[in-house]
Amino acid sequence: MKTSKALPPIAKIIGYTLEDEMRQKSFVIMFGICAMGVFLIRGCYGGNYVVNGQTLDAGTVVRALSKVSFHIIATGVMIVAALLSMQLFRRDRNEGMLSFVLSKPIARWQYVTGKIVGIWLLSALFMFILHGIVCLITSVNLKVFMPEYLVASLVCSLNLLFVVIAVLFLSLLMPDSVAFLFVLGVGIVGFVADGIVAASQSQMAQAMMQQSGAGSESNLTWWKVVYQLWPKLLGVQRMASSLTESESSRGFGSLYPLINISIYCVIIGVLLFKRFSTEDII
Amino acid sequence: MIQLKNVTKRYDSLTAVDEVSFSVERGECFALLGPNGAGKTTIVKMLLDFTPPTSGSLSLNGIPSSDARCRASIGYLAENHHIPLSLSGWRYLLRCAELLEINRSDAMDQCRSIVELIGMQGREHAKVGTYSKGMIQRFGLGAALMGDPKLLILDEPTSGLDPIGIREIRQLLESLKGQGMTIFLNSHLLSEVEKICDTAAIINRGKLLVKDAISALVKDGDTLEELFVRVVTG
């Protein structure tokens with residue numbers, strides 16, 4: 001009933017968030033450095049790569065480099081999104097925008113939604129532009145346009161939503177820098193755990209585990225549960241990057257990271273709205 | 001216009017506002033007085049739903065203060081008002097108009113007349129970072145006047161202003177009062193309150209001590225300041 005009236009204030013808050021963030025010198029500098037860094041990758045595409053005495057063909061090199069770039073950009077922008085989110089509420093409070101907006105007929109949920117969507121859009125656009133540059137370089141080198149690379153970037157933006165919501169929520173409970181480090185820690189643990197699991201699935205690791213016996217089976221099961229429930233940030237990135245490859249069969253397993261992160265977004269989002277609704281506005 | 005019924009606000013063991021009840025009628029110019037830490041700003045924060053009351057109820061125009069709709073007809077100026085340094089005063093006023101859903105052409109007209117009213121012509125497009133505290137306060141007051149509010153809640157509106165600025169604000173408030181606007185004023189400048197307001201309430205340590213018409217409170221040969229000291233010190 002209120003949807004048509006509720007949307008314009010949210011759109012305005014989104015607009016103000018984008019405007020205020022883009023006015024920050026630190027954002028402009030950060031974006032400039034990242035874009036320049038991505039452009040510099042261009043030089044790597046022209047090199048000759050020799051593996052086991054065999055020179056790799058240009059197509060393989062370009063694909064491998066674009067995949068590596070994809071993951072680096074996706075991970076880097078997650079850190080940027082966390083940095084943008086960590087001081088969002090504090091800055092609005094200190095600059096008087098929080099009391100200014102909430103003294104108007106704007107509900108708190110509209111303000112929070114506007115802030116989340118604003119920062120998410122900004123960081124997703126940031127990532128999309130960087131991925132777009134890589135896509136352009138790849139397309140020029142392979143002489144084939146790869147729209148799936150950009151679709152993969154959009155899928156990866158789910159990770160950014162998780163980071164934004166998590167940092168915003170934690171910044172209401174603890175100092176901003178601790179909230180940032182906490183979410184960074186969650187990401188690092190997830191990435192390391194995914195790396196360990198990937199390594200443990202290698203033939204050598206399987207053989208070593210068989211030799212050592214299955215004595216700690218219960219322990220392993222407990223860790224497996226924790227591992228499965230941990231935010232699957234790398235899983236989403238992998239799933240997104242697989243869109244750029246010619247893999248046809250994707251079952252529930254490959255969708256699990258998306259479901260995992262979506263559930264986290266909903267749960268932390270609800271907690272954020274509940275926490276902010278009782279927050280004292282200064 | 002404003003109604004508080006048995007409002008209490010506790011922060012852990014501290015009772016900031018203790019069973020306060022009073023009402024402010026439409027068109028009234030009301031001053032809430034009290035020493036620092038008396039609970040004045042807490043009452044303002046509860047009126048704007050910036051903090052919920054522990055018990056009791058607050059309503060504006062019959063609508064509970066927790067309902068965002070009741071803030072459509074309120075203009076608010078915070079104590080120690082701030083504006084983002086990267087904005088201009090003009091952009092700040094425009095944002096205010098946008099949030100009040102005033103259409104673009106009306107918003108531009110209102111911004112122009114408010115800039116003139118607060119005496120900031122020629123400086124409205126400069127960045128807020130270049131403004132003095134008094135100028136920021138004027139733009140804050142301007143934003144509070146946007147959209148022709150029915151109720152003006154001003155928390156220390158003359159803070160940071162020089163004597164000429166204080167006089168101008170007083171004249172502006174008198175003119176708004178003449179137009180029938182309801183004004184809720186938190187101020188330490190008792191001489192100004194005495195000149196502008198019709199009624200006043202004095203609170204101390206969260207308790208309402210007196211509330212009456214200023215003419216009834218201040219007897220012949222007395223001043224509001226003397227009354228205030230007498231009531232607060234017991």
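Predicted model: local features only at pLDDT ≥ 70, side-chain atom pairs only at ≥ 80, totals over all residues.
**Reading a helix crossing and its surroundings**

Visitor: How are α8(A) and α9(A) oriented to each other?

Guide: Angles over 145 degrees count as roughly antiparallel. The angle here is roughly 140°, so α8(A) and α9(A) are oblique to each other.

Visitor: Is the crossing of α8(A) past α9(A) left-handed or right-handed?

Guide: Right-handed.

Visitor: Which residues make the contact?

Guide: From α8(A) come A:Val163, A:Ala166, A:Val167, A:Leu170 and A:Ser171. From α9(A) come A:Asp176, A:Ala179, A:Phe180, A:Phe182 and A:Val183. By class, eight are nonpolar, one is polar and one is charged.

Visitor: What does A:Val167 touch?

Guide: Leave out residues up to four places away in sequence. Then A:Val167 touches A:Ala82, A:Ser85, A:Met86, A:Ala179, A:Phe180 and A:Val183.

Visitor: Which residues have the most contacts inside the largest nonpolar core?

Guide: A:Val167 is one of them.

Visitor: Now the interface. How many residues of chain A are in contact with chain B?

Guide: The size of an interface is often given as the accessible area lost when the parts come together. Here, take residue counts: 20 residues of chain A are in contact with 21 of chain B.

Visitor: Which helix gives the most to the side of chain A that touches chain B?

Guide: α1(A), with six residues. Both α1 (3-23) and α6 (97-102) of chain A supply at least two. That side has 10 nonpolar, four polar and six charged residues.

How values were computed. Residues numbered from 1 in each chain as written. Chains lettered and ligands numbered in written order. Contact = placed C-beta atoms within 7 Å. Helix = DSSP H or I, 4+ residues; strand = E, 2+ residues; numbered from the N terminus. Nonpolar A, V, L, I, M, F, W, Y, C, P; charged D, E, K, R; others polar. Core = buried A, V, L, I, M, F, W, Y, C linked by C-beta atoms within 7 Å. Buried ≥ 20, exposed ≤ 12 C-beta atoms within 10 Å, placed from the backbone. Axes fitted to C-alpha atoms, helices over the stretch in contact; angles between N-to-C directions. Parallel < 35°, antiparallel > 145°, perpendicular 65-115°, else oblique. Left-handed = near helix turned anticlockwise from the far one by under 90°.
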